[in-house]
Amino acid sequence: MSDVGFPSGRPSRRFSPRRPARARRGLALFTSGVLALPALAGCGGSEDEAAAGGVTAVSADLAAAQREQVADGGTLDWAVDSMPPTYNAFQADADATTARIAGAVLPSLFVLDEAGRPQRNPDFLEDASIIEREPKQVVLYKINQQAVWSDGQEIGAADFVAQWRALRGKDSAFWTARNAGYERIEKIEKGADNLEVKVTFAKPYADWRSLFTPLYPKAVMGTPGAFNDGSRTGLKQTAGPFRPAKPESGDGSVVLERNPRWWAKPAKLDKLVLREVPRDKRASALAAGRLDIAEIDPSALERIERAAKEGGKARLTHGPGSSTTPAQALRSWARAHGAVDDEEAEAEQEARAKARTARQQYEDEQRALRGFTVRKSLEPAYTQLALNGASGPLADERVRRAVARALNRQELAETVLKPLGLPAAPLGSHLALAGQDGYADGSDALGSQDTGAAQTLLAEAGWTRGGAAGTADAGSAGSPSDEEKKKSEKAKKDDDAASDDGMYIVGDDDKSGEGKARSDAGSDGKSGDGKSGDDPFRVRSGTHVLAPAPGRRDTLAAQQWQRAPYAEDDRTDSKTEAQEKKGGVAGAYAPRGTAAPRAAGEGDAATGSAKAPLLVGKDGKPLTLRFVLPADPGSAALRSVGARISRMLETVGVRTEITKVEDASYFKDHIASGDFDLALYSWPGTAYPATDGRPIFAKPEPAADGSLLVEQNYTRVGTDHIDQLFDQAAAELDEEAARELVKKADQRIWAAAGSIPLYQRPELVAVKPNLVNAGAFGFSSPRYQDIGFKKPDSAKDGRK
C-alpha cells in the first residue's frame with residue numbers, strides 16, 4: 001500500500017546503533033507488524049465521526065459470526081504479496097507475510113481493537129499491569145497457566161529473558177532491526193513461579209504493552225546463530241492456534257495447520273494457506289478458484305462489481321467474442337455461396353472458434369467473480385508527500401511551507417477515496433489515524449491551502465517571478481490574476497481528461513537536463529516548434545518527466561506494499577516490446593529523443609493562447625524540484641496524485657521534474673539515500689506513537705564516519721523540540737498526559753513541513769460470501785481461530 005510509495009511496515013522501534021546502515025533501512029518497508037494482532041472487531045461497514053477534526057473513522061468490514069455458526073474444517077487460501085524472507089519479525093527484512101504468520105503461530109501478549117487500542121490477550125495473559133512506579137517502573141505479567149510451546153514446554157520467564165537480551169542492542173552479534181523499549185529494561189526475573197514474570201525498567205516506559213509481541217521461544221532468541229539464521233526458513237517451536245505444516249514448498253505458498261497443542265478454543269479451519277499472488281493477477285486467481293480472500297485494487301473491484309451487475313448474461317461489446325459485424329456477416333454469406341476458397345474459410349472458422357473460446361472464458365470468469373463480495377474500509381496507514389530538507393531549495397523551511405500551502409489536500413483525498421465510496425477527507429495527524437483516541441488535527445500549525453500565502457513565503461525566501469529572469473521583483477510574487485487562475489483550471493480539467501496521468505518520457509534518464517531543454521521554450525526564447533516565444537521564462541509545462549532512472553533489480557523486503565492497491569490500470573507502463581522498439585505509442589511513451597508534448601490546455605506562445613503561469617526563481621534560475629515516483633503499473637494511483645500535486649505547485653510558479661523509477665529501486669536507491677526533492681510514500685498507523693513515531697521524525701544526527709544517521713526520517717527534517725516531546729511522551733506513564741505530548745509533537749512536525757499527510761489509504765478485500773470473521777480488518781487484525789466458512793445450514797454455499 002501493497003504499493004510502491006508505501007514503506008509498508010512498522011516503523012522501527014529504534015534501530016540498534018550497531019547494525020549496518022543498509023541493513024537497518026529495510027525495516028521501514030515491512031507492513032502490518034505495527035498492527036500486530038488486534039482482537040477481532042465486530043462486523044463493519046458503519047461509519048462513526050472521529051472525535052476531532054471532522055475526519056470520518058471507518059470501522060472494519062467483516063462478515064462477523066459466532067463460533068457456533070462456523071463450520072469445523074476446511075482450507076482457506078489467502079493471497080499474500082510475497083513469500084516470507086524470514087520468520088523472525090525482528091529482522092530487518094521481515095515483511096507483511098512474516099507478520100501474518102507470526103500472528104497465527106506465536107504469542108501476542110497485547111492485541112489491538114478496532115480503534116487501535118492495545119488490549120490484553122487472555123489466551124496468553126491472565127493479567128499484566130504496572131505494580132510499582134517508584135523508585136522504578138515494574139510490570140508483572142501473569143501467563144496463562146495452560147500456555148505451552150508446540151513441544152510441550154511451558155511459556156515462561158526464560159523466553160522473556162532471551163528476547164530481552166537479543167533485542168536490547170548491547171550484543172551486535174544479534175542482527176536485530178529494532179530495540180526500542182527493550183533497551184530501557186534493567187532486569188527480568190521470575191515472580192511467585194515461572195509463569196509470573198517481573199520486568200523492571202531502568203527508565204519509565206509508557207509503551208510497555210508493545211513489548212514481547214510477538215513472543216519468540218528461547219530456542220529462537222537464545223543465541224545469535226538461532227536468531228540470525230535459524231529462524232529464516234521456519235520455526236522449531238510455536239504457540240498459536242496454527243503451526244507451520246511444512247517449510248516453504250517452492251510452489252509459492254506457506255501452509256499452516258491447526259495446532260493440536262493449542263489450549264484455547266481450537267481453530268475452525270484445518271489449514272490456512274498463504275499463496276503468493278501478484279496484485280494484478282488476483283482477479284483471475286479468484287475467478288479460477290485459487291483464492292478465497294485477497295486484498296485487491298480498484299480494477300479488480302470494477303470487474304467484480306461488473307460481474308454482479310451482469311448476472312448470468314455477461315456479454316462482450318468489442319474484441320473477441322463480440323457481436324457479428326456487417327463485414328463478418330458478408331464474409332459468412334460469401335463463404336456459404338462459394339465466394340471464398342476452402343483455405344480462407346478454414347482460417348476464418350479457426351478465428352471464430354478462438355473468439356468463441358475467449359468469450360466463453362470471459363463469461364466463465366465473470367460468473368465465478370459473482371461469487372465474491374468486496375469488503376471496504378480504510379487501512380491503518382496514510383500516504384504523505386515527503387519534502388527532502390537536507391539540501392537544495394527545500395532546506396529552507398519557508399520553501400517547504402510554501403509547497404505545503406499550495407496543496408489542496410481535500411482534492412487529493414477525493415481523487416483516491418471518493419470513487420471507492422469511502423469518506424474522502426485529508427488526514428490531520430502524522431501520529432494517529434481517524435478513530436484513534438489520540439487523534440487531533442494539528443495542521444493549523446502549518447496552515448490551510450492558500451496560494452497567496454505560498455507565494456509570499458517563496459518571495460520571503462528570495463524566490464520571485466522576476467528572479468527567474470535574473471531581476472529582483474519581489475512585488476510580483478502576489479496572488480495570480482483571475483485570467484491565470486482560469487487558464488490553470490482549464491489545464492487541470494484537460495489533464496484529467498488525458499490518458500494515464502499526463503506523463504511522457506523525454507529521453508533516457510536525462511538528468512543532465514538535455515531533455516528538459518528540448519521540451520522547454522529554451523533560453524533563447526524559441527518555442528519547441530521553432531517559433532519565437534514572447535517570454536523565455538514562461539514554461540510550456542510545469543511538469544517535466546524524465547526517463548526512468550536506472551535501478552538495481554534486487555528487491556527490498558516487503559517492497560510489494562509500495563504498490564498502490566487502489567491503482568487503476570496504468571496503460572502508459574504496459575507497452576509491448578514491439579512498441580518500445582518503434583519508439584512508443586500515442587498516449588504512452590514519446591519516441592526516444594523527442595520533446596515532451598505540450599500539457600493539455602497550453603498553447604503556443606506565438607498564438608497568444610493559454611500558457612502556464614510564470615515560474616519563480618532566484619539569480620536567474622527557476623525553482624525546480626525533483627519529484628521521484630514509482631514507475632511500475634501497480635503504482636498508477638500514486639503517479640496520478642503526483643501529477644495533481646505538480647499542477648498545484650505550478651500555480652504558485654514552482655516547476656517539478658518528475659522521474660519515474662522502478663519499484664524495486666524506489667526506496668533503496670532514492671528515498672532512503674535522499675535522492676529526491678519530493679516523493680510519495682506511506683506509513684502505517686500505530687498504537688504506540690511515542691515509540692514508533694520517533695525514528696520517523698527524529699532530528700538526523702551526524703554519525704562517527706561523517707555520514708548522517710537518519711534512522712527512518714527520510715525527509716531529513718527534524719528539531720530538538722520534536723525529539724524532546726517524543727522522549728517525554730515515551731516516559732510519561734499517565735496515558736492522557738502522554739497523548740497530549742504526542743499531539744504537541746505532531747503540531748511541531750506540521751510546522752517543520754517535512755511530511756504532509758494527504759489521506760488514509762483505502763482497503764479493498766474480496767472474500768467468498770460464506771467466509772466469516774475475515775475481510776477488511778482496518779486497525780484490527782485477524783483472530784485466526786475464529787475464521788472459517790459458515791455452516792451449510794446457515795449459508796447456501798456451504799463451506800469449502
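Start with the largest nonpolar core, which has 108 residues. A nonpolar core is a set of buried Ala, Val, Leu, Ile, Met, Phe, Trp, Tyr and Cys residues joined through side-chain atoms within 4.5 Å; buried means under 20% relative accessible area with a 1.4 Å probe, protein chains only. This is a predicted model, where local features need pLDDT of at least 70 and side-chain atom pairs count only at pLDDT 80 or more, while totals for chains, interfaces and linings use all residues. Residues are numbered from 1 along each chain, and side-chain values use heavy atoms, without hydrogens and water.

Select Tyr141 and Phe212. They have the most contacts inside this core. Contact means heavy atoms within 4.5 Å. Leaving aside neighbours within four places in sequence, the contacts of Tyr141 include Leu109, Phe160, Trp208 and Phe212.

Next, select residues 720–731, helix H20, and residues 735–752, helix H21. Helices are DSSP runs of H or I, at least four residues, numbered from the N terminus. H20 and H21 pack at about 165°, with axes 8 Å apart. Axes are lines fitted to C-alpha atoms over the stretch in contact, and angles run from 0 to 180 degrees between N-to-C directions. H20 is therefore roughly antiparallel to H21 (angles over 145 degrees count as such). Show the side chains: in H20, Leu725 and Phe726 are among the residues that meet H21.

Finish with H11 (residues 409–417) and H16 (residues 636–650). Their angle is about 160°, and their axes lie 10 Å apart. Glu411, Leu412, Thr415 and Val416 in H11 meet residues of H16, including Arg644 and Met648.

Technical notes
Buried means under 20% relative accessible area, exposed over 50%, partly exposed in between (1.4 Å probe, protein chains only). Helices (H or I, at least four residues) and strands (E, at least two) are DSSP runs, numbered from the N terminus. Angles under 35 degrees count as roughly parallel, over 145 as roughly antiparallel, 65 to 115 as roughly perpendicular and the rest as oblique.
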